[in-house]
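Let's take a walk through this protein chain together, starting with its overall layout and then stopping at a few local details. Have the structure open beside you as you read.

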Amino acid sequence: MQRKARVMGGRVLSVASECVPLVKTGGLADVVGALPGALAGTGWDMRVLLPAYRALRAQAKDWPVVWEEADLWGGPGRVLEGRVEGVPLLLLDAPHLYDREGGPYSGPAGEHPDNAIRFAALSWVGARIAREGLTEWKPDILHAHDWQAGFAPAYLAYHGSGGVKTVITIHNIAFQGWAPAHMLGVLRLPGHAFHPDALEYYGGISSLKAALVTADWITTVSPSYAEELMRPEFGMGLQGVIAARGPVVSGILNGVDTGVWDPSQEDPAYDRKAVAGKAVARARLSEEFGLEVPGPLAIVVSRLTDQKGIDLLPAVIPEFVLGGGGLIVLGSGDPGMEGAMRNLAARFPGRVAVRIGYDEGLSHRLFAGADAVLVPSRFEPCGLTQMYGLRYGTLPVVSLVGGLADTVIGANPATLAAGAATGMTFHPVDALAFGKALAQLLEIYHQPKLWAKLRANAMAHPVGWETSARAYASLYERLTA
Ligand code: ADP
Ligand code: GLC
């Protein structure tokens with residue numbers, strides 16, 4: 001009898017709290033939104049389950065209802081199916097949980113006090129859809145992202161998986177989904193799960209830990225971060241849990257959407273002809289910000305937080321400016337850091353400019369027109385802006401952590417001799433090392449041939465999704481084999 005060859009591919013339910021183009025606070029959204037398209041061609045059909053936040057409900061009002069539950073923590077929940085800009089979506093419409101003013105996690109009065117329940121509900125519905133399937137679509141794999149989806153693998157593990165395999169991807173270990181112990185029952189978790197070997201975490205419950213102990217596989221968004229996570233300096237309390245599961249932990253680097261981040265293409269938002277037109281784009285940018293910078297023009301496009309090392313800028317930028325450099329910062333976050341950035345701009349008019357806020361169009365103009373992008377992160381699971389920098393020939397200056405170390409080849413005698421360098425790297429993450437990297441940037445900028453070589457190397461460095469999509473596909477294959 002002839003055995004039928006196994007058909008490669010299958011179905012994946014991706015569960016997440018953010019997804020481009022609908023809702024984004026950080027790189028998580030970019031990755032969740034890009035994966036279904038990146039997997040097309042591998043045979044893996046991915047759909048994204050996402051809460052129907054207020055702004056999303058209107059878009060989905062005519063979408064068919066494909067799933068319902070009468071009591072989802074105090075109100076009905078229904079799942080609407082549709083597509084936005086090619087991304088196949090399942091929107092969880094539960095107005096009592098998600099139809100609120102503000103962003104995905106907070107409103108005008110700050111963080112929502114019921115976030116544990118709001119995202120437990122998302123995870124619950126993800127687990128049920130995975131186990132029972134929709135009428136026309138039954139997943140083979142549930143792929144959860146970060147703490148918001150952390151209970152999904154746990155619900156499958158504790159309430160029956162129906163044969164579905166689970167993956168948790170850690171985008172950032174700093175957010176762990178903590179809830180007090182007395183919520184165990186409310187969160188529909190069994191008593192025996194409240195155990196140090198299960199989801200008990202420092203006397204409470206962590207949805208991320210729940211996923212780390214129950215998922216069939218754990219990935220994070222770069223190979224270096226996968227190793228770092230097992231060490232106390234980076235594991236943020238969960239290093240032991242992750243190390244114990246070492247054999248099922250792997251790092252798969254994020255890609256960037258090379259259609260959206262494409263310096264050679266026109267775009268309604270801006271002329272992105274950065275490669276041929278770097279000088280033109282830089283001149284326009286300088287005019288827009290009223291800058292006159294004789295040396296390299298650097299940018300920062302980032303959340304302004306401790307993670308991102310933004311507090312190091314006031315210590316290093318004065319010398320960089322004295323050396324001829326300039327800086328534009330686009331970002332928002334910590335009020336103290338926002339103030340410090342404004343002070344820098346006030347201190348160096350014509351050389352440093354700051355835009356507090358979130359502006360996608362401007363971020364494109366910045367990468368197109370600048371010479372370098374600074375990413376001095378204390379930890380960086382992957383990081384996307386250094387990859388935009390590579391793609392646009394906007395040389396990345398990065399600390400040697402996580403995904404930054406995996407994507408940028410720092411200039412030094414060996415990498416310069418080999419013609420491999422794509423940017424500047426430094427460690428440890430302090431002002432001294434960062435300042436040296438900026439001095440190196442100034443030095444190389446004034447050697448036009450070398451500068452051109454580095455830019456060419458950077459732009460030739462692959463940053464698309466191809467390799468990583470294949471890595472996810474082969475992980476899914478392995479799990480379902
Ligand atoms: P993280 O997710 O930790 O914030 P990433 O580098 O993975 O870091 O992703 C950040 C994403 O958000 C990138 O796409 C970056 O361009 C974008 N971004 C961050 N801050 C801003 C801003 N102020 N305006 C526009 N885009 C921003
Ligand atoms: C997180 C990390 C960032 C990563 C992004 C997408 O927000 O901080 O490094 O690129 O997730 O995976």
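The chain splits into domain 1 (10–255 + 466–480) and domain 2 (263–460), with bounds that come from an automatic or database domain assignment. Before going on, note that this is a predicted model, where local features need pLDDT of at least 70, side-chain atom pairs count only at pLDDT 80 or more, and totals for chains, interfaces and linings use all residues. Residues are numbered from 1 along each chain as its sequence is written, chains are lettered from A and ligands numbered from 1 in the order in which they are written, and side-chain values use heavy atoms, with hydrogens and water left out.

Taken over C-alpha atoms, the centres of domain 1 and domain 2 are 32 Å apart. So where do the two parts meet? Counting heavy atoms within 4.5 Å as a contact, 18 residues of domain 1 touch 17 residues of domain 2. Together the two domains bury about 1300 Å², with 62% of it on carbon and sulfur atoms. Buried area here is the accessible area (1.4 Å probe) that two parts lose on being put together, summed over both.

What about polar links? Six residue pairs, both at pLDDT 80 or more, are in polar contact across the interface of domain 1 and domain 2. A polar contact is a pair of N or O atoms within 3.5 Å; within protein, one must be able to donate a hydrogen and the other to accept it, and residues adjacent in sequence count only if both atoms are side-chain atoms.

On the side of domain 1 that touches domain 2, the elements giving two or more residues are helix 1 (27–39) and helix 7 (223–228). Helices (H or I, at least four residues) and strands (E, at least two) are DSSP runs, numbered from the N terminus. Helix 7 provides the largest share of that side, four residues.

**Some local details**

Now zoom in on the backbone. The peptide bond from V20 to P21 is cis, with omega near 10 degrees, and P21 sits in the loop between strand 1 (10–15) and helix 1. Another cis peptide bond joins H427 and P428, with omega about -5 degrees. You'll find P428 in the loop between strand 22 (424–426) and helix 17 (431–445).

Finally, look at E85, a residue other than glycine whose phi is positive, near 45 degrees. E85 belongs to the loop between strand 4 (77–84) and strand 5 (87–93).
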